[in-house]
Amino acid sequence: MLSRYHPVVAAESSGQLTMLLQRLSLRAGLPLSPRTQRTTIFPRLAKALTQVGLMRANSNSFTHRGELRKAKRIVVKLGSAVVTRGDECGLALGRLASVVEQVAMLQNQGREMMIVTSGAVAFGKQRLRHEILLSQSVRQALHSGQNKIKDMSVPVLEARACAAAGQSGLMALYEAMFTQYSTCTAQVLVTNLDFHDDQKRRNLNSTLQELLRMNIVPIINTNDAVVPPPEPNSDLQGVISIKDNDSLAARLAVELKADLLIALSDVEGLYDSPPGTDDAKLIDIFYPGDQLSITYGTKSRVGIGGMEAKVKAALWALQGGTSVVIANGTHPKVTGHVITDIVEGKKVGTFFSEVKPAGPTVEQQTEMARNSGRTLAALHPEQRGEIICHLANLLVEKKEEILAANKMDMDLAVNAGQLSSALLNRLSLSPAKLNSLAIGLRQIALASQDSVGRVLRRTRVAHNLELEQITVPIGVLLVIFEARPDCLPQVSALAIASGNALLAKGGKEAANTNRILHELTQEALDIHWVKEAVQLVSTREEVEDLCRLDEMIDLIIPRGSSQLVKNIQSAAKGIPVLGHSEGICHVYIDSEAAIDKVIKIVRDSKCDYPAACNAMETLLVHRDILRTPLFDQIIDMLHTEQVKIHAGPRFASNLTFSPSEVKSLRTEYGDLECCIEVVDSMQEAIDHIHRYGSSHTDVIVTENEDTAERFLQQLDSACVFWNVSSRFADGYRFGLGAEVGISTARIHARGPVGLEGLLTTKWVLRGDGHTAADFSEQGTMEYLHENLPVTQPQPRQIAAQSEE
């Protein structure tokens, strides 16, 4: 009978509806008989639903933040704390201006925007205070002299009078602000009684619909100048009571079938306990039924609602098919983009969703990883080695399952046609790749024996007071990688060896491969009961949202395109990022280079794996080599390997018919393409690399040892090679077992980052009741600061031997 109505009471069958009504009546303490339900409640419920316009087809709200980009009709509710100043007398003009700018921008994008605003009372209070003070000063000046003006006091102002005085000024302010963006506004004042009169309710709905149709932004507020006392609670009739602007915004959002309600307040969102208390955590996504886990605090400094009222209104709107986000509209760092960030699906405030995901949230995953990671760090080194060896064995044993999953990813990627050949190469796994991975993991297992807890320095500070500096894990690592599933076991092994927890976010292109590799990783971890130390983020979390978890993540390591790395470096303002944004590697052919070495090194640097970040992108050639047999052999070899050549400006000027001139000398091709440029000397080659390179890996090919040494010393790159292919810039080839990436940073790890780069240090001081006062002028002790020999414990043999 009523299954077509609003979800708050909708049911698939009359039996379900009956059960729902019985539960509601029992909560209210008024058990209902079947006859009462049939003859009284059903008709009344149908009428109530019809009155509030809840007969909506497909009225489901958005299930995750990413869908908020689709929101067409949006209601923005501005709480009193957002609109008013801290002294509650007057408006916060800066905040209001930023809100207006965002609403106008979204309106001009073709969305339908509405504002439910507070502020009339505060604005009126400011005006009335000014008028009263001015009136008093004039009267006192006329009758009592100037000496008594300082004794003036402002009487308590009645809220309705303040609202009456402030409504026109508030609307004039909105109109003036929106005019700056060529946006028209209209004022709509309502009271709760307007929603009880069918004709008034229909008129209100018609008016708002017509304003939206004409591209006008309605500015809606309760008419506080004549507002009646709060109505009796009618929520159990399927209608939310209009007691404040929160309930008004929810009611209007549902009646007008809005896609999104944004409620701005003076807190970041909904917390599991009052904000400011110990252990209070911001709730990212709130689901119906979670109310019992929330402890509400006091209301804000102004307004009549409070967080409990906001949650109640939000849940009612959510059940009506409108998505809701509660966020902070007062924070100076985010106010200017909080509304647009929400609409873009960014992780801002608390998002209300009816669909609860099956797995844990990313915050819960991070917490689990941190807790399990601390247990991992406390294991003996040989136990961590056993885990890594077991993972290496699983990569060989489960080879067929891994390759089958990878084939699924490859087929999907090829059919989609959205990945370049370079990315397809990275996505693809082979038996040879898996074998190399297993060998690298076993190298890591051996290296892990003296990693965590290694003593770097020992000092006798004073008698019976000894200081040690020891290696410790960094904490929780977030590794973000694109279409490269082989990255997952590599970084997992390095994290395990270094005692770090790992949060891995892989590209969706490798979803099937990543899933089975993560399952094998957790299977290996489980032999020492630390299964949760490595987590795979498979939710819809945006990379930018992950980068905001600065209280939970200690280091971010991006593995992917230069654009991905740049985006992460820009977004992760509170978390250090280890990596490089580009791999613009150079090979410089000196005038004294040997022909056989040149051909081998250039071919390997460019053609061995063009998609790698350590592949050559620019070939610098000494001018003396031009028009020589060596140069002809280089060009012939590149043509044979089907390498597309782009000419640098100076190289192009030396040719009558040159290849296409390069658009930029600072280009990472990632494919069978490269730039060729001419230099006059080794020093000019260094200057060119410093100007256009990315400080990744650069090579000189020469037989002159003095020239080579000056190149190695003067060039400021993470890796500098002599007569060696640039492809050697790799953790595995360096003997690190594997790498989490190559860093071009100036601090911490640089170059291929292996196990050592994932460790930091802590200081351990052992004493016997020492105090700083003991070493003062009146004290009895003196500093020794003697360096002591460093000794390391001998590791035991790894129990899990590798399988050949």
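Student: In what order do the strands of the open sheet lie, and what is the sense of their pairing?

Tutor: The model is predicted, so local features require pLDDT of at least 70 and side-chain atom pairs count only at pLDDT 80 or more, while totals for chains, interfaces and linings use all residues. Residues are numbered from 1 along each chain as its sequence is written, and side-chain values use heavy atoms, with hydrogens and water left out.

The open sheet has 8 strands in the order S3-S4-S2-S1-S5-S7-S8-S6, and its pairing is mixed. Strands (E, at least two residues) and helices (H or I, at least four) are DSSP runs numbered from the N terminus; two strands pair if DSSP finds at least two bridges between them. Strand S3 (185-190) and strand S6 (285-286) form the edges; each has a single partner strand, so one side of each has no neighbour in the sheet. S3 pairs with strand S4 (residues 217-222) in the parallel sense over 6 bridges, and Ile219 in S4 is the bridge partner of Gln187. Helix H4 (residues 93-108) packs on the sheet and touches strand S1 (73-78), strand S2 (112-117), S4 and strand S5 (260-265), contact meaning heavy atoms within 4.5 Å. The direction of H4 makes about 155° with that of S2; axes are lines fitted to C-alpha atoms, for helices over the stretch in contact, and angles run from 0 to 180 degrees between N-to-C directions.

Gln187 and Ile219 also take part in the lining of the second largest cavity, alongside residues including Thr117, Leu189 and Asn221. A cavity is a set of points on a 1 Å grid over the protein atoms alone where a 1.4 Å probe fits but cannot get out, and lining residues have an atom within 4 Å of a point. This cavity holds about 50 Å³, a volume being the space filled by probe spheres set on the points, which are joined across faces, edges and corners. Helix H6 (159-179) provides the largest share of its lining, 4 residues. The lining comprises 5 nonpolar, 4 polar and no charged residues, where Ala, Val, Leu, Ile, Met, Phe, Trp, Tyr, Cys and Pro count as nonpolar, Asp, Glu, Lys and Arg as charged, and the others, Gly among them, as polar.

There are 2 cavities of 30 Å³ or more. The largest has a volume of about 60 Å³, and its lining includes Lys77, Asp246 and Lys310. Helix H9 (307-319) is among the elements that supply at least two residues there, and H9 gives the most, with 3 residues.

Terms used
On a 1 Å grid over the protein atoms alone, a cavity is a set of points where a 1.4 Å probe fits but cannot get out, and a pocket is an open set with protein on both sides within 12 Å along at least five of seven lines; lining residues have an atom within 4 Å of a point.
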